[in-house]
Amino acid sequence: MLSYQYMASSIGHDAEQQAKQYLLDHSLQFLEQNYKAKFGEIDLIMLDKQQLVFVEVKFRSTNTYGCAAEYFTFKKRKRLERTINCYLLQKKLNAHHTNLRIDVVAIDGERVNWIKNV
């Protein structure tokens, strides 16, 4: 019998792969997946022309407890911003002079909602 944690990580991985393919199909370039730092993780790092795009992927199979996008909270955003700063430092990029944005790809069942520049 599969553990709940394994099933959840498998579902999360599948959602990230779906989001990655969706963004590739919309002309973004893939740079990195599951970047981990002290503060958290960045699901996808993409490039949109000359702009770094840090992507949070949210998935819900049903909207019984709200849609996927609603799970991108203020607390999650702050943690993501700290992780992005770690990434920029590691890559020797200046946060004030680097063209970047944060996007959310919210997947509700089969419906993909790409929310740019959250």
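Biologist: In what order do the elements of the chain run from the N terminus on? Then take strand 3: how many of its 10 residues are buried?

Modeller: Ground rules come before the answer. This is a predicted model, where local features need pLDDT of at least 70 and side-chain atom pairs count only at pLDDT 80 or more, while totals for chains, interfaces and linings use all residues. Residues are numbered from 1 along each chain as its sequence is written, and side-chain values use heavy atoms, leaving out hydrogens and water.

Now the order. From the N terminus on, the elements run α-β-β-β-α-β-β. That makes two helices and five strands. Helices (H or I, at least four residues) and strands (E, at least two) are DSSP runs, numbered from the N terminus.

On to strand 3. It spans residues 51–60, and eight of its 10 residues are buried, so the strand is largely enclosed by the rest of the structure. Buried means under 20% relative accessible area, exposed means over 50%, and partly exposed lies in between (1.4 Å probe, protein chains only). Across the chain of 118 residues, 36% count as buried.

Strand 3 has partners. Strand 2 (residues 40–48) runs antiparallel to strand 3, joined by five bridges. Two strands pair if DSSP finds at least two bridges between them. V53 in strand 3 is the bridge partner of M46. Strands 2 and 3 form a hairpin with two residues between them. In that turn, K49 has a positive phi of about 60°.

Strand 4 (residues 100–108) runs parallel to strand 3, and nine bridges join them. There, A106 is the bridge partner of K58.

Next, the packing. The largest nonpolar core has 15 residues. A nonpolar core is a set of buried Ala, Val, Leu, Ile, Met, Phe, Trp, Tyr and Cys residues joined through side-chain atoms within 4.5 Å. The residues with the most contacts inside this core are I42, I45, L52, F54, I84 and Y87. Strand 2, strand 3, helix 2 (74–90) and strand 4 each supply at least two residues. Helix 2 gives the largest share of this core, four residues.

Look at Y87. Beyond residues up to four places away in sequence, Y87 touches E32, Y35, I42, I45, L52 and F54. A contact means heavy atoms within 4.5 Å.

Rings come next. The structure holds three aromatic pairs. Rings of Phe, Tyr and Trp (its six-membered ring) pair if their centres lie within 6.5 Å; planes under 30 degrees apart count as stacked, over 60 as edge-to-face, and the rest as tilted. Ring pairs link Y35, F54 and Y87 into a cluster. Y35 and Y87 are both buried.

Now the residue R60, which is found in strand 3. R60 is partly exposed, with a relative accessible area of 27%. Its charged end sits over the ring of Y71, 3.7 Å from the ring centre. A charge sits over a ring if NZ of Lys or CZ of Arg is within 6 Å of the ring centre and within 35 degrees of the ring normal. Not counting residues up to four places away in sequence, R60 touches G66, C67, A68, Y71, I107, D108 and G109. R60 and A15 are 45 residues apart in sequence and 9.4 Å apart in space, C-alpha to C-alpha.

Last, confidence. pLDDT is the predictor's confidence in each residue, from 0 to 100. The chain has a mean pLDDT of 89, and 87% of its residues reach 70 or more. Over residues 4–8 the pLDDT is below 50. Beyond near neighbours in sequence, that stretch has one contact in the model. Where pLDDT is low, predicted coordinates should not be read in detail.
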